[in-house]
Amino acid sequence: MAILITPETKILIQGITGEFGARHTKLSLDYGTKVVAGVTPGKGGQFFEHAGHKIPIFNSVADAAHATGATVSAIFVPPPFAGDAILECVDAGLDLAVAITEGIPVKDMIRVKRAMQGKKTRLLGPNCPGVVTPGTGEGSKGGCRIGIAPGYIHKRGHVGVVSRSGTLTYEAVFQLTSKNIGQTTCVGIGGDPVNGTSHLDVIKLFNADPETHGIILIGEIGGNAEVEAARWIKANCKKPVAGFIAGATAPAGRRMGHAGAIVGGAEDTAAAKIAVFKECGIEVAATPSDMADALLRAAKAKGVTLS
Amino acid sequence: MNIHEYQAKALFEKFGVPVPKGAAATSPEEFINALAQLPEGPTMVKSQIHAGGRGKGTFTDGFKGGVKFCQTKHDAKEIAAKMLGNTLVTIQTGPAGRKVQTIYFTAASDIKKEYYLAILLDRASSRPVIVASTEGGVEIEKVAHDSPEKIHKVLVDPAYGLADFQVRDLITKLGLAGAEAKNAGKLIRNLYTMFWETDAAMVEVNPLITTPTGDVLALDAKVSFDANALYRHPEIVALRDLNEEDPKEIEASKFSLSYIALDGNIACLVNGAGLAMSTMDIIQHYGGTPANFLDVGGGASKDQVIAAFKIILGDKNVKGIMVNIFGGIMDCNVIATGIVEAVKEVGLKLPLVVRLEGNNVAAGKATLAASGLALVSGDNMADAAQKIVKLVAA
């Protein structure tokens, strides 16, 4: 079944007429993704055309969703306006908003996240590569690609990938596909300190998805999201899980004050997170080159077939 | 973005957070004018650098203490002359230390008791958190570790802002009453307003003090700002002190490169922050030491690669370079062509290992092979890391 999105999901693009948004809209269309609308305030009534596709542009998310039945938005608008763009998705009652935009002020995200409490819309990102549910065509075409990930590195299959980092996600997906192991859905949750969907939220979805047989969990130093996910996995998840934490060599102490250390807690270093992973039965990838192999080891130990 | 204590205190005053009377000076001539603004009597002399641990720091000429108490303004002037232009090494500066280019004089305060107060983001709840303790003027990490019950936290709901009852509750926990409670309450509310309105990433006051007369003052001030929000605060951008930043990092930012210098000898050039961090990790895993973090972003254009090589080669410790590019959308052949031209332009003599993967990678590898350059190709991250570690060790 995949999670969050399927090849049938209808998506709209906020910022479709910007250079960045336009480029990736074309790539998504080429991948076979059902992009049904664009939103650029002031350009309603125009069309976005590419390779035989003619996508209507609307002035607002609500108009676009109402006219086309789109349930998911990919947000490419510049940072000063991105918080507002997310709120517009919430107001329109979309299922999912995927914020690709990098550089949104933290305060804007604090307010947006508060405003989203109790609302049905889920947020992925910001500052994330997006989400891909691969298709069954050549180079995984026919899938749903939202965001900026390279579609062709994917392959339809049974592994779920969740990560904060874009290129590190591609690295993991590429390793899997090179070993002929496909993916259900690959999710980038974004690297910002305040984001929507967490590692744990995605792990829960993968755990509940019968098509997902194994999970790769990629984290970084800072915060406690990976630790929270690992503890839940230990208590609730029977599927094989491999983990990697980036930043073991990142320089410490590049900060002026000390308050971050007491709020962040003792578990936000790479070493501490890796220790928790091991304690929770997650197979730790020794290096970033070892991510797919680590999942294979975890699957073998549990007698699970990944492909 | 970080600012100096004297700048932070000027902001404090603007938002109604009381601080001791003070004045900054950048030359011995200015010492006289600055000191003239302060009352006679005990005076503090404070080195202005963007790092903590100044009081316990040592200057490279052996002079101890970047923050000094002086009985008179005359003594303060003499001590300031020893600090200005001198290089201060603290636990947060690294062994190279920082050159002191500004001195901040303040009237020394009568201290009744010291407290700790900070405001920052609590990532777990995605809300601002106020952190306070009765244990001020000491290392707060140690307090948090040894007696966590002495650390009090207040999460602020961004929909309503800081509520009066939260302030009252915090003040009670700090054991303040009467005039002290009233003054502390006002200070906390004003400090929160400053944190929120200036898009600060962190505000830390250690120590916050009470005086025998019931006043509450911020004796120190460390403030940093959210870089993503600087576009709406030109008055804060104006406070940036380039002297406090690594010239290589400033140069890198001109080309949209994210660069952080480290102590090792294997430089790396990578696209994507997560992949860049992991490249450093894998170099260390195979026994090498990374010389830097360098993220060229999603693009990796020729101009960026040239700029990146120049910055990397500006670090004399570098003995080899590992390039790790996952060209997802970008054509690997375009990246390979950029690398070849960059190597030729900068006349690279050091060992170079290139790991290239992704879109049109076969053509990219062919371009590298046909370049006639003495670069080594890595099949994957592990292979490339092992090769560069071996070449640098040889």
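**Domains, helices and chains**

Tutor: The domain assignment of chain A gives domain 1, residues 10–124, and domain 2, residues 130–302. Please keep in mind that this is a predicted model.

Student: What separates the centres of domain 1 and domain 2 of chain A?
Tutor: Taken over C-alpha atoms, the two centres are 25 Å apart.

Student: And how many residues does the contact take from each domain of chain A?
Tutor: Domain 1 of chain A contributes 18 residues and domain 2 of chain A contributes 20 residues.

Student: Which elements give two or more residues to the domain 1 side?
Tutor: On the side of domain 1 of chain A that touches domain 2, they are helix 1 (19–31), strand 5 (72–75), helix 4 (106–116) and strand 7 (122–124) of chain A. By residue class, that side divides into 12 nonpolar, four polar and two charged.

Student: Changing topic: at what angle do helix 6 and helix 7 of chain A cross?
Tutor: The axes of helix 6 (residues 199–208) and helix 7 (residues 225–236) of chain A cross at roughly 30 degrees and come within 8 Å. Angles under 35 degrees count as roughly parallel, and helix 6 and helix 7 of chain A are therefore roughly parallel to each other.

Student: Is the crossing of those two helices left-handed or right-handed?
Tutor: The crossing of helix 6 and helix 7 of chain A is right-handed.

Student: Which residues make that contact?
Tutor: Helix 6 of chain A uses A:His199, A:Leu200, A:Ile203 and A:Asn207. From helix 7 of chain A come A:Ala225, A:Glu226, A:Glu228, A:Ala229, A:Trp232, A:Ile233 and A:Asn236. The residues of this contact divide into six nonpolar, three polar and two charged.

Student: Now the two chains. How many residues does the contact take from chain B and from chain A?
Tutor: It takes 56 residues from chain B and 49 residues from chain A.

Student: Which element of chain B gives the most to the side that touches chain A?
Tutor: Helix 9 of chain B does, with 10 residues.

Student: How many helices and strands does chain B have?
Tutor: Chain B has 13 helices and 19 strands. Its C-alpha trace spans about 80 × 50 × 40 Å along the principal axes.

Student: What percentage of the residues in chain B is buried?
Tutor: Of the 394 residues in chain B, 46% are buried.

Conventions. Residues are numbered from 1 along each chain as its sequence is written. Chains are lettered from A and ligands numbered from 1 in the order in which they are written. This is a predicted model: local features need pLDDT of at least 70, side-chain atom pairs count only at pLDDT 80 or more; totals for chains, interfaces and linings use all residues. Axes are lines fitted to C-alpha atoms, for helices over the stretch in contact, and angles run from 0 to 180 degrees between N-to-C directions. Helices (H or I, at least four residues) and strands (E, at least two) are DSSP runs, numbered from the N terminus. Angles under 35 degrees count as roughly parallel, over 145 as roughly antiparallel, 65 to 115 as roughly perpendicular and the rest as oblique. A crossing is left-handed if the near helix is turned anticlockwise from the far one by less than a right angle, and right-handed if clockwise. Two residues are in contact if their C-beta atoms, placed from the backbone, lie within 7 Å. Ala, Val, Leu, Ile, Met, Phe, Trp, Tyr, Cys and Pro count as nonpolar, Asp, Glu, Lys and Arg as charged, and the others, Gly among them, as polar. Domain bounds come from an automatic or database domain assignment. A residue is buried if 20 or more other C-beta atoms lie within 10 Å of its own, exposed if 12 or fewer, and partly exposed in between; C-beta atoms are placed from the backbone.
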